[in-house]
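Here is a briefing on the model shown below. Points are grouped by topic.

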Amino acid sequence: MADILQILILGLALGGVIALMGSGLSLVFGVMRIVNLAHPSLIIAGAYIAYWAFKVLGIDPIVMLPVSAAILAAVGVLLYRLMFEKETKSAKYSEMTVLLTFALAMMAEGVLGGLFTNTQRVTSPDYATDAFFIGDVFIPKGQLYAGVLSLAIIAALTLFLKYSRLGYAIRATTQNREAAELLGVNVNFISILAFAIGIGLAGAAGSLVSFVFSFFPAKHWEWIAMLMSVVVLGGMGSILGTVVAALLLSVVAAFVGTWIGATWSTMTFFLALFLILLIRPQGLFGEKPEMA
Amino acid sequence: MTVTLQQSSASSVLKARRAHNEKLARKADQTRATWFPLALLAILVALPLLQFVGNYNYVLHLVLFTASYVAMASGWNILGGFAGYVSLGHSVFFGVGGYFAGMLLARYGISTIITAPLAGLVAAVLGYLIGLITLKVRGPSFIISSIALLMIARILFDNWEFVGGANGLTLPTNDLPVQWAKLPYYYAMIAIAAFTVWATYRIKHSKFGLGLRAISKDEIKAESAGIDTRFYKVMAFAFSAFFVGMTGAVWGEYLTYLRPNIFLLILVSANLVLMSILGGKGTIAGPVVGAILIVALNEFFVATMGASEINILGTGLVMAVGLIFFPLGLIGTLAKKGKLPRVLNWD
Amino acid sequence: MTELLQVTDITAGYGDGPAILDGAHLTVEPGKVHCIIGPNGAGKSTLLKSICGMLTIRKGDVVFKGKRLNGMRPDQILREGVCFVPQERALFPKMTVRENLRMGGFILDDQRELERRIGEILERFPILRERADQHAGTMSGGQQQTLAMARTLIIKPAIVMLDEPSLGLAPKVIQEMFDIMKMMSAEGVTVLLVEQNALMGLKNSDWGVVLDLGRTLFEGPAADVLADPRIQELYLGGKKAA
């Protein structure tokens, strides 16, 4: 029983972080219909910011979180204007943007690899290796902090989308771009803003990821399939769905990892992706599949 | 002249008409220059004669390498270019072909050059089965499913001890002298590439190819026109996997080892997409031109900078620039402007 | 000058495509219901989209209260008081009725005033008040159209343009929609609508406009349009129907 509880707790804590990693992906898809394959490589960029800030300046990665979020949000604005703004009129927009973000992922990997080599890194503040004990069950502090912070950031994002004026505009643009424009929303500005928030979330996730997972520039290929399965299962564009799916899959993966073998725990995500695409392409919370 | 044209509007209309007629004439002149690909092939077949006057192994290697990508990119083009389903997981078939033929070589000593068609067939069957599942979704969802496929294959091969796991397998080398050791693979690869290009031409101009192009334009309309879209798509997937699988078979023996991190690499898939798009998706000459360009570019990056990171960065950069500025690719853009040289019109 | 909106000889189309509108003109007088009729592809929707700034006008002028609208962005035109409801009603299906109304006042800066106006609208349309917290996508066609029209009133517009408000609605519900339009015009909001059902549209309007092949063929009091034998024959389905 304690075993099961233990695995559940570890799964949920990691699930929180994965939810944050996926939420930016989901937001960007929801508003701009861009499947951002470069998202995980930008998370890794955020992780490097936190890593070097800790290593060179001794700044805690949690303190660095807003900084790496801001830096990547700025990068997001730049990328959107350079790569995606003109594509909005392209007939094969969604396919085109997938390929563009794929190219972007390779560029990011190349730049990061050139700068920092392919050595595995992990930020190691004290709490990353510490744990709380409740009876027989232990909760690693690093994973707990990261998981809780992630869920807090997602909650803040949800409140922003639900109640602020810009949040209204973002949601309206997601649901009906033309109608939003007719009601006076500057949809291009909203697209840039949402993209920046999405990439900023990648930066925020990056600093938390930096002490939860070890990372190197080429790691993002593993993460993209993992995050995609979370986002697709949750229903592309639904942030609540992303959170539920991340927690669910992460817990399943934790059980698979303990009972069957660590190699197969990542497999959970990939197989889940296949199953979802097969059985329910619209995901748990999506309305209808976005296709073509 | 009895009619005087004074108004500038009338003369400009005439000018436009004349230009249009010339363009039509040029288009009509776009008859295929079949001699060109044949001449190219003849040159490549004769190229190993160079070995009599010196050591040109590097040149042969480059041609072999390019030919392997010509075959794979052309194969990819059947699904990605004709049917419009972009796959980023085609290196799976490269790996499956390589491992299947490689295992036959390691166990029974049969050269992959002989078993390559069989390896292609195995890849095709696998492609058919996977297609049954993943071709249910379109656009971005299909692309994502193809990435997931590659990830799954990578984990499976990394952990499959029978084929050597992550360390892979070493294959026996042939006992030809160094000068001639590459030749069997050289000719095999040239043959595979030529066959693939010819096959894609035949497919494009068949009823099947017409159906695929209809699917790529508008799947729902294609279906209502009576095309069995599901069967067409799955067959396109199988054909496309066949050529990639054959290439993988010969490549494994040429390399003398099999390893998941050589075969099941997303960069290989990315290269296929990149070559087809840069050259011109859906055209016959496109993947060929694209493969030559990208291999040349890769060699340039590696020779001048020497690091694989630069290679990845360069590949991504070329892909992004190509997509943004020439979404139709080199052949497609030239053809649209009516400026495609006759020797490159293979369609 | 009594006209509120004056459209003179405009040419417009989609992207680089052919001109859908080719020399259309239109006069809109304040406080009336205007109905544009014409066969499919005549350019009726295109005309409304050109006025509200969704399409670039290639030639000609759109003048509203003495001010040129061509070249202005949709949100600038909206701020002038010209509101457009497209055929698909442009609702946000996963937002509640109240949230949809709030989006209707997106260009208003005073949030308290916005909430006050939303309250007013909900008072006036009991059907919306009952469903204030229901998602718009779950309502019936008539309720959705009511919401779309009511939403335009939030910014107290001068002109509301409606593209086929009756589309997909039952006859009884259509009459309710026309009643709302009449109520709007009685309050001084000028209505300009495009209607496929020409007879029904003209009978409920003050002013009729016949558009075909991208040009305005006829403009006049709705009763005159209804009575004209040529129009009856070509656009109203023959004399018997009239």
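Start in chain C, at Arg89(C), which is found in the loop between β6 (82-85) and α3 (97-104) of that chain. The model is predicted. Arg89(C) has a phi near 75°, a positive value in a residue other than glycine. Arg89(C) counts as buried because 24 C-beta neighbours lie inside 10 Å, and 20 or more are needed.

**Other single residues**

- Thr256(B) also belongs to a loop: the one between α11 (229-255) and β2 (257-258) of chain B.
- The phi of Thr256(B) is near 70°, again positive in a residue other than glycine.
- Is Thr256(B) buried or partly exposed? Thr256(B) is partly exposed, since 13 other C-beta atoms lie within 10 Å.
- Ile57(C) sits in strand β4 (residues 57-64) of chain C.
- With 19 other C-beta atoms within 10 Å, Ile57(C) is partly exposed.
- Which residues does Ile57(C) contact, leaving aside neighbours within four places in sequence? They are Ile10(C), Ala12(C), Ser50(C), Val62(C) and Asn70(C).
- Ile57(C) and Asp75(C) are 18 residues apart in sequence. Their C-alpha atoms are 16 Å apart in space.

**Chain A as a whole**

- Chain A has 11 helices and two strands.
- Along the sequence, the elements of chain A follow the order α-α-α-α-β-β-α-α-α-α-α-α-α.
- The C-alpha atoms of chain A fill a box of roughly 60 × 45 × 35 Å, taken along the principal axes.
- For 292 residues, a compact globule would have a radius of gyration near 19 Å. Chain A has 19 Å, so the value agrees.
- Of the 292 residues in chain A, 59% are buried.
- Take the contacts in chain A between residues at least 6 apart in sequence: 78% of them join residues at least 24 apart.

**The hairpin in chain A**

- Strand β1 (residues 131-134) and strand β2 (residues 137-140) of chain A run antiparallel. Four bridges join them.
- What is the bridge partner of Phe132(A) in β2(A)? The partner is Ile139(A).
- β1(A) and β2(A) form a hairpin, with two residues between them.
- Gly135(A), in the turn, has a positive phi of about 65°.

**A helix pair in chain A**

- Two packed helices are described by the angle between their axes and the distance between the axes.
- Helix α6 (residues 165-175) and helix α8 (residues 187-212) of chain A pack at an angle of about 100°. Their axes are 10 Å apart.
- The angle falls between 65 and 115 degrees, so α6(A) and α8(A) are roughly perpendicular to each other.
- α6(A) makes the contact with Leu166(A), Ala169(A), Ile170(A) and Thr173(A). α8(A) makes it with Val187(A), Ile190(A), Leu193(A) and Ala194(A).
- By class, this contact has seven nonpolar residues, one polar residue and no charged residues.

**Where chain A meets chain B**

- Two pairs of chains touch, and the most contacts are between chains A and B.
- Here 35 residues of chain A are in contact with 35 residues of chain B.
- On the chain A side, α4 (93-116), α9 (220-234) and α11 (262-279) each supply at least two residues.
- Which helix gives the largest share of the side of chain A that touches chain B? That share, 16 residues, comes from α4(A).
- By class, the side of chain A that touches chain B has 27 nonpolar, six polar and two charged residues.

**Where chain A meets chain C**

- This contact takes 14 residues from chain A and 15 residues from chain C.
- α6 and α7 (177-182) of chain A each supply at least two residues of the chain A side.
- α6(A) gives the most to that side, with five residues. α6(A) also packs with α8(A).
- The side of chain A that touches chain C has seven nonpolar, four polar and three charged residues.

**Chains B and C**

- No contact joins chain B and chain C.
- The closest C-alpha atoms of chains B and C lie 17 Å apart.

Conventions:
Residues are numbered from 1 along each chain as its sequence is written. Chains are lettered from A and ligands numbered from 1 in the order in which they are written. This is a predicted model: local features need pLDDT of at least 70, side-chain atom pairs count only at pLDDT 80 or more; totals for chains, interfaces and linings use all residues. Two strands pair if DSSP finds at least two bridges between them. A residue is buried if 20 or more other C-beta atoms lie within 10 Å of its own, exposed if 12 or fewer, and partly exposed in between; C-beta atoms are placed from the backbone. Two residues are in contact if their C-beta atoms, placed from the backbone, lie within 7 Å. Axes are lines fitted to C-alpha atoms, for helices over the stretch in contact, and angles run from 0 to 180 degrees between N-to-C directions. Angles under 35 degrees count as roughly parallel, over 145 as roughly antiparallel, 65 to 115 as roughly perpendicular and the rest as oblique. Ala, Val, Leu, Ile, Met, Phe, Trp, Tyr, Cys and Pro count as nonpolar, Asp, Glu, Lys and Arg as charged, and the others, Gly among them, as polar. The radius of gyration is taken over C-alpha atoms; the globule rule is 2.2 Å times the number of residues to the power 0.38.
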